[in-house]
Amino acid sequence: MTTYPWAAGYVDDGDRPKIVTSRFHLADGYTLERYHATGGYEGLKAALARTPGDVHEEVKAATVLGRGGAGFPAGTKWGLMPPGKFPRYLVVNGDESEPGTYKDRLLMERDPHQLIEGCLIAAYAAGLSQVFLYIRGEMPLAHERVGTALNEAYAAGYVGKHILGTNFSVDIVLHWGAGAYVVGEETALIESLEGKRGEPRLKPPFFPAAIGLYGQPTIVNNVETMSNLPWLLSNGAAAYTAIGTATSPGTRMVAVSGHVKRPGVYEIINGTTTFRDLLYGDEFCQGIRNDNELKAFVPGGGSAPWFLPDQLDLPFESRLVGAAGSMLGSGAIMVMDHTTDIPRAALSLVHFYAAESCGQCTPCREGGTWLERIMQRLADGRGSHGDLDQLLDIGQSICPGVFPHAASERLGLEAKPFPFKMTTICFVGPSAYTSVHSAITLFRDEFEAKIIERKSIPVSAS
Amino acid sequence: MSRLNEANTILAKEIIGRYPKARSATIPLLHLSQQQNGHLTNDAIAHVAELVGATSAEVLGTATFYEMFKFEPVGKYLINICGTMSCQLLGADELMHHAEHTLGVKAGGTTPDGLFTLEHAECQAACTEAPNLQVNYRHCHRMTTTAFDQLVDDLRNGRLDGEIPPHGTLARVRQTIPADRAAGPASPDAPVVPAWMPEAAQ
């Protein structure tokens, strides 16, 4: 169990299999020299020795689930492009900004060559003529590391014209974001890359695999997804699927933050590790701070409905978590202990989504703002009883019908599974409502206490 | 007067050349302009529009969408305090309160000496290290009020000049694609089947 000053947050216990974080313990893991010395670019060489179709089959056989949030298998996604239509593009989503999520930044800062190699393998397998690495603007170190790595890789003949002497040629262009959460949505990412406002497109017809960047077939994949490919091609799909479960093979990077003793970024075995392992296990977070009681946790980033201690024994597996009323999303767990002021914690998320609405869809633009204002006055102890119903009513305009939530023995609630209906183009609107719905459904008494007392409960410092 | 200078205009054209369509370079060029001038002006917008072949209104429309672009001068150091859940749970509200008192400005304000601008920010992808802030987008983890005072003192006295460049400069390393190694942009207007794909042989 070790941490490293150069990889803030990453916790390494040396025992679990490592696919994407194998160089995080090295202070110079981001250099080409170290990358070469640790098996770097062997996956690319293995890929280039086979046909593109073969490499694509290998990725399909490994069922590499997308690590950005939706969990769609990468190999299947590549197969959705209309045959014979070129050029096709790869846009790598490095716009990590989902509340609680901290993994892509580490991957870009600590092992940029692994990401570059992954992009090259994908471009070769799927016939992608140009790669754009879209990195969030607020991550200058990631820009510097990936920029340096690309310069090294071009000089060494791994990127550009006639890669390693073959007829495989592709440019990787490092692109800068400028601060907009919604751009993490794939069609908004494409709009932004076209130099426009990052407003999501309607699907259908704008499924990127069919109509993406400049109207051409485009694959949008997450940084962590791409970072899996070098190991996969070096070791084979059989070795990859030997880790994890049949429906969730391989590993996943998970960030656990909030009120735990040892918050950290962990590479865990996919599908089998339970939330209890993660929050209380010796090799993970080692329990709640000050041995406090667990009140609730967000299992999959700010957009995910909240879980209670009732759900601790669920494994980190997307279908089971979906059936239990939430989602795994981007691998981000935020933990709240019994001292947490629930309305105020929920407000911090509502504020986020209200601020990050692109303004395109009315239910999100107006609804998000209303949710935030009403939550603010409730959190401040200035709310009224009608406010709670008002919040749920606004939620119905964004997500009509039953909204997913977790089961609770204490409240006698049964789980309502994913997904939900929505009146907006993308998930920012529903996400603004998620924390409101979870907080009111699971902790209505805390809101009511504030209404009666008409004053704010101070946030505990410990 | 805040068009890109000669050296930056050359760099801008090189950046545009990497994309199949010039307008894709809009955001990188706006960053370049902000690096040169500290913020974006109307002249700068017009110049970027000229370079990418769009109208000023289109470029302004893009620029105003993104939080990082500033349209009036900000301090040499932009301090963004994260207030999203993980940081909120671990004391971001108190940290912001302390910062406002220490700097003597509310969130959104700039100190009279032009050194600091304080802003409330959204999730900074460092959630396990909460509470976080960024100075010109450089992360500072596990902030306390004492650490904040020390940080401000260090910045005032130039002790962090080597690590934190003035606002506007993002990465100090840029990508350069050597002309003899470039595969070139893949234009949608002149479709070519990738040479390594089986379709190319047909």
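In chain A, 74% of the contacts between residues at least 6 apart in sequence join residues at least 24 apart, where two residues are in contact if their C-beta atoms, placed from the backbone, lie within 7 Å. This is a predicted model, in which local features need pLDDT of at least 70 and side-chain atom pairs count only at pLDDT 80 or more, while totals for chains, interfaces and linings use all residues. Residues are numbered from 1 along each chain as its sequence is written, and chains are lettered from A and ligands numbered from 1 in the order in which they are written.

The C-alpha atoms of chain A fill a box of roughly 75 × 45 × 35 Å along the principal axes. Of the 462 residues, 61% count as buried, that is, with 20 or more other C-beta atoms within 10 Å of their own C-beta atom, placed from the backbone.

## Two domains

Chain A is divided into domain 1 (19-241) and domain 2 (251-453), with bounds that come from an automatic or database domain assignment. The C-alpha centres of these domains of chain A lie 30 Å apart, and 23 residues of domain 1 are in contact with 27 residues of domain 2. The side of domain 1 that touches domain 2 has 10 nonpolar, seven polar and six charged residues, where Ala, Val, Leu, Ile, Met, Phe, Trp, Tyr, Cys and Pro count as nonpolar, Asp, Glu, Lys and Arg as charged, and the others, Gly among them, as polar.

## The contact with chain B

The contact between the chains takes 74 residues from chain A and 65 residues from chain B. On the side of chain A, the elements that each supply at least two residues include α7 (140-155), β7 (251-258) and α13 (342-356), named from DSSP runs numbered from the N terminus, with helices (H or I) of at least four residues and strands (E) of at least two. Helix α7(A) gives the most, with eight residues. The side of chain A that touches chain B divides into 33 nonpolar, 31 polar and 10 charged residues.

Terms used. A residue is buried if 20 or more other C-beta atoms lie within 10 Å of its own, exposed if 12 or fewer, and partly exposed in between; C-beta atoms are placed from the backbone.
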